[in-house]
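Subject: A structure for you to look at

Hi there,

Here is the structure I promised to pass on. Have a look at it first, and then read on for what turned up in it.

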Amino acid sequence: MRTAGFASAAIAVGVYAWGLLHVTGAVVSAEDGGTNSIPIPPCRTPGWESRAEGITGYRVEYVPLRFVCETDDVGDYTTSVPGYVNPVFFLLGLGAAVCFTVVALDSDSSRRQAGTGT
């Protein structure tokens, strides 16, 4: 059970790092500037032409991990992070926590039984 917990935690960290690479790439692209930099490239999702003048900036949120394009008229929207990153990170992190909890409870009950001699 301990191995499953470590494996789940390691994969969760890897998936989060993968999403963080996407966010980092989006930030680097957004900060690049120069010709053709308005609106910032990461915010150019399908249909961006209709809201191009309303895009005012961006922000990065780490929990849940996302790159948010800020607009002044149609509402903020997220881009750049694959849709599976946050759910997989959450589920594997939860699985790891459950595994470690079970291991801790099992070792605690084993210690109590060894102490009573039964």
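R66 is partly exposed, with a relative accessible area of 31%. Its side chain meets that of E61 in a salt bridge, at 2.5 Å from N to O. E61, in contrast, counts as buried, because its relative accessibility is 19% and the cut-off for buried is under 20%.

Before going further, please keep in mind that this is a predicted model. The mean pLDDT of the chain is 84, and 81% of the residues reach 70 or more. Which element has the lowest mean pLDDT? That is helix α2 (residues 48-51), with 64, while α1 has the highest, 92. Where pLDDT is low, the predicted coordinates should not be read in detail.

Back to the charges. The whole structure holds 4 salt bridges, and R59 takes part in a pair with E70, where the closest N and O atoms are 3.1 Å apart. E70 sits in strand β2 and R59 in strand β1, so this pair links distant parts of the chain, 11 residues apart. R59 also forms a salt bridge with D76, with the closest N and O atoms 2.9 Å apart. D76 lies in the loop between β2 and β3, so its pairing with R59 ties together parts that are 17 residues apart in sequence. As for accessibility, R59 is partly exposed at 30%, E70 is partly exposed at 24%, and D76 is partly exposed at 42%. Together, R59, E61, R66, E70 and D76 are linked in a network of salt bridges.

Now for the overall layout. The chain has 3 helices and 3 strands, and along the sequence they follow the pattern α-α-β-β-β-α. Of its 118 residues, 29% count as buried.

An α-helix has 3.6 residues a turn, so residues three or four places apart point the same way. Just after α1, G33 takes a positive phi of about 70°.

What makes up the largest nonpolar core? It has 8 residues: A26, A30, I40, C43, I55, F67, C69 and Y77. Both α1 (2-31) and β2 (65-71) supply at least two residues each to this core. Another core lies apart from it, with 6 residues, including V15, Y16, V23 and L65.

Two spots in the loops deserve a look on screen. V63 and P64 are joined by a cis peptide bond, with omega about -10°, and P64 is in the loop between β1 (55-62) and β2. S80 has a positive phi of about 75° although it is not a glycine. You will find S80 in the loop between β3 (77-79) and α3, where it is partly exposed, with a relative accessible area of 29%.

Finally, have a look at the surface. M1, F90, L91, L94, V98 and V102 form a nonpolar patch there, with about 590 Å² of accessible area together. L94, one of these residues, belongs to helix α3 (residues 85-116) and is partly exposed, with a relative accessible area of 44%.

Enjoy exploring, and write back with any questions!

Best wishes

Definitions and conventions: Residues numbered from 1 in each chain as written. Predicted model: local features only at pLDDT ≥ 70, side-chain atom pairs only at ≥ 80, totals over all residues. Heavy atoms only, no water. Patch = residues over 30% accessible without salt bridge, like charges linked within 9 Å, V, L, I, M, F, W, Y side chains within 5 Å. Areas by Shrake-Rupley, 256 points an atom, 1.4 Å probe, with all protein chains shown as cover. Helix = DSSP H or I, 4+ residues; strand = E, 2+ residues; numbered from the N terminus. Buried < 20%, exposed > 50% of the residue type's maximum accessible area, 1.4 Å probe, protein only. Core = buried A, V, L, I, M, F, W, Y, C linked by side-chain atoms within 4.5 Å. pLDDT = per-residue confidence, 0-100.
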